[in-house]
Amino acid sequence: MSAAASPGKGLVVIHVDGLSHARLQAALEQGHMPFVSQLIESDGYEALPYRCGVPSTTPFAQAGILFGDNSEIPSYRWWDKQAGLLVAFGSGSTFGHVAARYFAGRVPLTVGGACIAALYRAGATDRFGPTYTERHRPDEHDAGGRTIAAFLLNPVVLYFWIRHGGFSLFRIASEYLRARFARRRAADVYVIADIYHEVVVHHLTRFALLQAMEEGLPTIYACFYTYDEAAHAFGPTDPNTLRILRHIDSTIRLAARRRQSNRTGVDYEIVILSDHGQVETIPFAAADGRSLGHHLSAWLPGYQVTEHRGQVFMQAGEPSGRVEVTYSGGLAHVYFTDVPKRLARNDLESMFPGLISKVAALDRIGAVMVRDQSDGVLVTAEGEFALRLPLVAGTRALLERFDSPDVLAQQLRRLNSFETSGDLILFGAYDGLRQVNFEDQVGGHGSIGGDQLHPFLLGKKEWTLDTSTVTNASDLYPMLVAIRDRAQGVRQGSKPTGR
Ligand SMILES: [Zn+2]
């Protein structure tokens, strides 16, 4: 049977950012996601945990899911020595400057479909996505503006948006004030981001998702970030944070209803997934008010130390060298930008004697990872631990605090193989419950330890998905391609068309 003769069926993937499998279970038990509960209890769906890999950040996981390839994506933001620039996502994204080096020869999951509010264009018609052009692909002009116009011209949608937006503003503002009065931590920047995502982005994304289904586009990937933003602002276990999931649940219900009622007659399979989880945090500077950059600048006289999402530490006179420090929650990369290649341990020891052990001796640091002639090494206050396989007992005991040692060792070795990783890679300390965070957030992710490494994949039981061996979000790509192709009637084993 040819693809053209088969009945039209598409795939909708709903990306719920930052929701771990454990917090999804809590939300279901507490009744915050009644529609998803119904999918599981009566419609034959199951929620499976999987491992996203390290770093536990959206750029890494989403690249894996959309392209099946997340190599050289070491963090949410990083210093690219080759291009001499900070690569970052979100507003003011600079990924476009280096995008041509990524995903060569890959066919994106959403090719010819819609990729809504994602960090990558992924070969799809862009809707609120990034504004760069992918290699070899003169993309269709940004459809985001068109979608916004349609959104604002629809009075029913606009009415619900204003009604919901008003409630959300009131709810988030009152939660923030309550947190302040109770002297709980609430990360201010993230409260603003939370309001913006809750009120504006969630609704635009939902509108664009339903519109793309209405148009019968074959593959649609839609990202919802409100839970992640709320968890950064209030913490992943805060009752308010879980309540946010009610809106996502109602969006999933709307999408499920639209399956049958869209005018093109295309039916959709629906998959819901997350990219990473979150854990509660302790701020790095809590002990003495000094950030990591502050410590580094004291140990590196003459160097200018720039923290991305932080401060700049300058010395008097012309600096003799520059250090760029990039943070993603409990993960930090430290780059000596005057050296064009990544420094190995021997180089670091001869250029900056004692620096590695000084950083590792900080009680807020879980481990420092550096390159060496072999498979890399972790340095802590207690000593050094080779990442060579099979693992020695000492390394095994260290890694056990964070996750299954053999899996974690492979994930760390891969991160350590990236040319874009820092000369030093730092992981915040983790006590089994909370991680030390380099950024000012109540909930964090990006590092190793706890729920941040364990997101979920929710699909039909009849697909017999096995996520027990998934150790990298890129392992989801072939699974989703198979669901997509089966839905569209493409014979298994035949190549997806790269329109
Ligand atoms: Zn996040």
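Mentor: Happy to. One definition to begin with: a residue is buried if 20 or more other C-beta atoms lie within 10 Å of its own, exposed if 12 or fewer, and partly exposed in between. Also, keep in mind that this is a predicted model.

Trainee: How far is D363 from T380?
Mentor: Their C-alpha atoms are separated by 9.3 Å, and the two residues are 17 apart along the chain.

Trainee: And G96, where does that sit?
Mentor: In the loop between strand 4 (85–87) and strand 5 (114–116). G96 counts as partly exposed, because it has 14 C-beta neighbours inside 10 Å. Its C-alpha atom is 9.4 Å from that of Y120, which is 24 residues away along the chain.

Trainee: Let's zoom out. What is the chain made of overall?
Mentor: The secondary structure comes to 15 helices and 20 strands. The chain has 499 residues, and buried ones make up 51% of them. Taking contacts between residues at least 6 apart in sequence, 66% join residues at least 24 apart.

Trainee: Which residues touch the most others in the largest nonpolar core?
Mentor: I14, I116, A118, Y221 and V368 do, out of 124 residues in that core. At least three residues of this core come from each of domain 1 (9–69 + 106–278 + 451–487) and domain 2 (281–444).

Trainee: What is V368 in contact with, leaving aside its neighbours within four places in sequence?
Mentor: With I356, V359, A360, L378, V379, L424 and L426.

Trainee: Changing topic: how many residues of helix 3 are buried?
Mentor: 10 of the 10, so helix 3 is largely enclosed by the rest of the structure.

Trainee: How do helix 3 and helix 15 pack?
Mentor: Helix 3 (residues 58–67) and helix 15 (residues 476–487) pack at an angle of about 40°, with their axes 7 Å apart. They are therefore oblique to each other. The contact is made by G64, I65 and F67 of helix 3 and L476, Y477 and L480 of helix 15. The crossing is right-handed.

Trainee: What about the backbone? Which residues are joined by a cis peptide bond?
Mentor: V54 and P55 are joined by one, with omega about 5°. Another joins L389 and P390, where omega is about -5°. P55 is in the loop between strand 2 (45–49) and helix 3, while P390 is in the loop between strand 16 (383–386) and helix 13 (393–399).

Trainee: Are E72 and A117 buried or partly exposed?
Mentor: E72 counts as partly exposed, because it has 18 C-beta neighbours inside 10 Å. A117 is buried, with 24 other C-beta atoms within 10 Å. E72 lies in the loop between helix 3 and strand 3 (78–80), and A117 in the loop between strand 5 and strand 6 (125–127).

Conventions:
Residues are numbered from 1 along each chain as its sequence is written. This is a predicted model: local features need pLDDT of at least 70, side-chain atom pairs count only at pLDDT 80 or more; totals for chains, interfaces and linings use all residues. A nonpolar core is a set of buried Ala, Val, Leu, Ile, Met, Phe, Trp, Tyr and Cys residues joined through C-beta atoms within 7 Å. Domain bounds come from an automatic or database domain assignment. Two residues are in contact if their C-beta atoms, placed from the backbone, lie within 7 Å. Axes are lines fitted to C-alpha atoms, for helices over the stretch in contact, and angles run from 0 to 180 degrees between N-to-C directions. Helices (H or I, at least four residues) and strands (E, at least two) are DSSP runs, numbered from the N terminus. Angles under 35 degrees count as roughly parallel, over 145 as roughly antiparallel, 65 to 115 as roughly perpendicular and the rest as oblique. A crossing is left-handed if the near helix is turned anticlockwise from the far one by less than a right angle, and right-handed if clockwise.
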